[in-house]
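Hi everyone, thanks for coming along. Please bring up the sequence and the model on your screens, and I'll talk you through them.

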Amino acid sequence: MKIILNNDVIHLGEEGDVVTVKDGYARNYLLPTGAAVIYNKANAALFKQRAEQIEKRKAEKRAASASLKDRLDNVTISITVTAGESGKLFGSVTSQMVQEALLKEGFEIEKKKLDVPTHAIKMTGTYHIVAHLYENDKATITLNVLSEAEVKAAQKKAAEEARKAAEEEAKAKAEAEAKAAEEAAAAEAPAEAETEAPAEA
């Protein structure tokens, strides 16, 4: 069936594009959802009138996509999961989890626009996720998959180091105060001796 896209449809085309799709896809999804209209003279004429507005929207989308790509290329997200000693996950990291992690960073990306390696990550490590943006724009996001046990161990180690540093700081402060008190006492002693010494006749 020949249709005109009313909206951008991933892997199919953009608003205003004339494409041919399977009848079932058109009848069951594209037409009922308003994503497309049947190609005929009346609809073709209507989209021709809207061509300038459509092109303006496309230009805005290109600019927004380029800006988003620049920001996403510098983003590193972390997902903490339960894993065995070998690093194998009890489960897997999915595009849904990646989408949620990005949302926490302020990026709203559709799940279907995210390419997760092998569709599901099953080992800890660093991965690169490709986000398909507008037209041919793609951004690469760095993903760190961390073991829950390793994260807890790292947090415990950091807390222990912070505690030791605080103790050493308190000890150094106490020593400095004791030394200052000793110096003050030593400075006062000669002055008292001079005051108490009897005057010579």
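Let me begin with a term: I'll say buried for under 20% relative accessible area, exposed for over 50%, and partly exposed for anything in between, with a 1.4 Å probe and protein chains only. Now the ground rules: this is a predicted model, where local features need pLDDT of at least 70 and side-chain atom pairs count only at pLDDT 80 or more, while totals for chains, interfaces and linings use all residues. Residues are numbered from 1 along each chain as its sequence is written, and side-chain values use heavy atoms, with hydrogens and water left out.

So how confident is the predictor? The score is pLDDT, the predictor's confidence in each residue, from 0 to 100. Its mean over the protein is 83, and 89% of the residues reach 70 or more.

On to the fold. Helices (H or I, at least four residues) and strands (E, at least two) are DSSP runs, numbered from the N terminus. We have five helices and nine strands, in the order β-β-α-β-α-α-β-β-α-β-β-β-β-α from the N terminus. Of the 201 residues, 24% count as buried. The accessible surface, by the Shrake-Rupley method with a 1.4 Å probe and, for residues, only the protein chains shown as cover, comes to about 13900 Å², and 52% of that belongs to carbon and sulfur atoms.

When I say contact, I mean heavy atoms within 4.5 Å. Taking contacts between residues at least 6 apart in sequence, 52% join residues at least 24 apart.

Let's visit a few residues. Ile121 sits in strand S7 (residues 121-123), and it counts as buried because its relative accessibility is 1%. Leaving out residues up to four places away in sequence, Ile121 touches Leu89, Gly91, Ser92, Val93, Val116, Tyr127, Ile129, Leu143 and Val145. With Val93, the C-alpha to C-alpha separation is 4.9 Å, across 28 residues of sequence.

Next, Ser147, in strand S9 (residues 138-147). Its relative accessibility is 4%, so Ser147 is buried too. Beyond neighbours within four places in sequence, Ser147 contacts Thr80, Val81, Ala83 and Thr124.

Finally, the largest pocket. On a 1 Å grid over the protein atoms alone, a pocket is an open set of points with protein on both sides within 12 Å along at least five of seven lines, and lining residues have an atom within 4 Å of a point. Grid points are joined across faces, edges and corners, and the volume is the space filled by probe spheres set on them. That gives about 740 Å³ here. Of its 25 lining residues, Ile10, Lys113, His132, Leu133 and Tyr134 are the closest to the centre.

Which helix gives the largest share of the lining? Helix H3 (residues 51-72), with four residues. Helix H3 also holds Ser65, which is buried because its relative accessibility is 4%.

Definitions and conventions:
1 Å grid on protein atoms, 1.4 Å probe; cavity = no way out; pocket = protein on both sides within 12 Å on 5 of 7 lines; lining within 4 Å.
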